[in-house]
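Biologist: I'd like to learn how to read the side-chain features of a protein. Could you walk me through them?

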Amino acid sequence: MNAYEVNFDGLVGPTHNYSGLSFGNVASTSNVSAASNPKLAAKQGLQKMKALHDLGFKQGVLAPQERPDVASLRRLGFGGNDAEVIARAAKEAPAILAAATSASSMWTANAATVSPSADTADGRVHFTPANLNNKFHRSIEHPTTGRVLRAMFADEARFAVHEALPAQMHFGDEGAANHTRFCAGYGQPGVEFFVFGAAAFDMRYAKPAKFPARQTLEASQAVARLHGLAEAGVVYAQQDPDTIDAGVFHNDVISVGNGEVLFHHQQAFLNQADVLDEIARKLAARGGRFTAIEVPRAEVTVEEAVKSYLFNSQLLSKPNGKMLIVVPEECRNSERVWSYLQKLIASGGPIDEVRAFDLKQSMQNGGGPACLRLRVALTESELAAVNPRVLMSDALFATLNDWVERHYRDRLAPEDLADPQLLAECRGALDELTRILGLGSVYPFQLA
């Protein structure tokens with residue numbers, strides 16, 4: 001049976017803003033307090049989805065979250081009706097209000113970790129929503145994420161959506177941003193690659209000194225157990241702590257994999273040669289032939305990789321057996337990075353085409369093409385069981401563009417987060433979106 005990799009991109013939410021909430025994410029903290037353009041951000045994301053759909057790739061949409069999250073604000077002691085909760089938070093704790101208003105769910109690579117049915121013990125596709133425990137503004141996402149995923153992948157005979165791991169630092173889980181999968185074909189058994197920043201219970205592992213290690217070894221191991229993965233099909237690797245301290249807060253800022261290929265920096269992992277050997281050995285046992293494309297620091301430094309988001313790219317398999325790399329426009333603006341990419345596609349290797357997309361609104365908050373999508377490998381029958389209304393089409397693209405045009409602001413400054421009308425606008429937009437995407441009631445205001 002044919003199998004496909006489907007990219008489900010996060011729709012940018014109506015409260016997209018720059019509050020600099022993500023310590024360790026250089027782009028996020030460097031653009032703090034700038035005015036954002038939610039309407040442009042959403043349309044830039046939709047343009048990327050539609051462009052890849054038009055190229056023949058399978059493409060879906062994942063809905064944003066309700067923001068501001070007044071329920072979380074109430075749990076923190078801000079009382080009254082919704083408008084009063086927002087007003088009091090704006091006056092007494094504006095940083096907390098900013099966190100509760102973040103549109104960070106747009107970076108769907110952090111939504112969940114996904115294991116295809118070819119890898120799991122029960123032959124179902126498994127999803128574990130990420131607890132995102134390291135940052136308050138993201139830790140409040142997973143309950144809604146779980147409901148949205150269950151509305152998209154409702155057939156329990158084919159799909160299993162787990163609860164998030166315990167919301168505690170020992171099991172910090174950042175989802176697919178620290179996970180990739182190697183395989184000879186999307187429907188064949190593969191090797192799942194989990195990358196962690198530190199171990200919570202084993203002090204023998206190194207730790208970064210400046211920025212937090214958001215993914216723990218223990219979280220990765222727990223997800224592998226929940227998904228029923230065999231040891232022969234799993235590889236764990238630790239990020240280089242110095243690279244984390246240089247701003248590589250997730251593995252998808254320093255490497256990206258697809259099929260039998262890993263595109264990565266020279267300074268991506270500790271004990272890198274051993275990691276690559278283990279992937280190659282385990283993939284060979286499953287019928288694959290591993291190819292590692294290592295970018296030398298002499299050609300692209302870690303700092304250049306972080307600034308351009310070279311590795312926060314998408315690798316997409318084309319019908320000719322080669323791969324397309326989708327990068328942000330910032331790569332074109334870096335002379336050294338763009339020069340490297342031209343040499344890469346001319347090399348005769350597996351990557352023979354590059355396309356750059358303008359995602360500036362997302363990039364200024366620290367998220368590139370890879371951050372915006374969750375990859376789900378599906379067989380034909382599994383794809384047929386997915387809620388069809390979340391799959392990109394010409395009609396859905398036009399409908400969502402119109403929806404954005406009617407509901408989104410084109411400017412959002414930090415002081416605008418105190419406007420209670422923003423909550424009403426967000427709820428109105430999401431209520432209509434659930435009908436467009438056929439999700440049913442998934443948001444707190446719909447469940448009250």
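Modeller: Gladly! Let's begin with aromatic pairs: this model is predicted, and the count comes to 13 aromatic pairs.

Biologist: How is a pair of aromatic rings described?

Modeller: By the distance of the centres and the angle of the planes. Take Phe8 and Phe153: their ring centres are 5.4 Å apart and their planes are at 75°. Planes over 60 degrees apart count as edge-to-face, so that is what this pair is.

Biologist: Where do Phe8 and Phe153 lie?

Modeller: Phe8 is in strand S1, while Phe153 is in the loop between helix H7 and strand S5. The pair therefore ties together parts that are 145 residues apart in sequence. Phe8 and Phe153 are both buried. Ring pairs also link them with Phe127 and Phe159 into a cluster.

Biologist: Are Phe196 and Tyr205 buried or partly exposed?

Modeller: Phe196 is buried, at 3% relative accessibility, whereas Tyr205 is partly exposed, at 30%. These two form an edge-to-face pair, with 5.6 Å from centre to centre and 80° between the planes.

Biologist: Which ring has the charged end of Lys58 over it?

Modeller: That of Tyr4, with the charged end 4.7 Å from the ring centre. Likewise, Lys50 lies over the face of Phe397, at 5.4 Å from the ring centre.

Biologist: And what is a disulfide?

Modeller: A covalent bond between the sulfur atoms of two cysteines. Here the count is zero. For Cys371, the nearest cysteine sulfur belongs to Cys331, 13 Å away. A disulfide needs the sulfurs within 2.5 Å. Cys371 is buried, with a relative accessible area of 4%, and Cys426 is buried at 0%.

Note on methods: Residues are numbered from 1 along each chain as its sequence is written. This is a predicted model: local features need pLDDT of at least 70, side-chain atom pairs count only at pLDDT 80 or more; totals for chains, interfaces and linings use all residues. Side-chain values use heavy atoms; hydrogens and water are left out. Buried means under 20% relative accessible area, exposed over 50%, partly exposed in between (1.4 Å probe, protein chains only). Rings of Phe, Tyr and Trp (its six-membered ring) pair if their centres lie within 6.5 Å; planes under 30 degrees apart count as stacked, over 60 as edge-to-face and the rest as tilted. Helices (H or I, at least four residues) and strands (E, at least two) are DSSP runs, numbered from the N terminus. A charge sits over a ring if NZ of Lys or CZ of Arg is within 6 Å of the ring centre and within 35 degrees of the ring normal.
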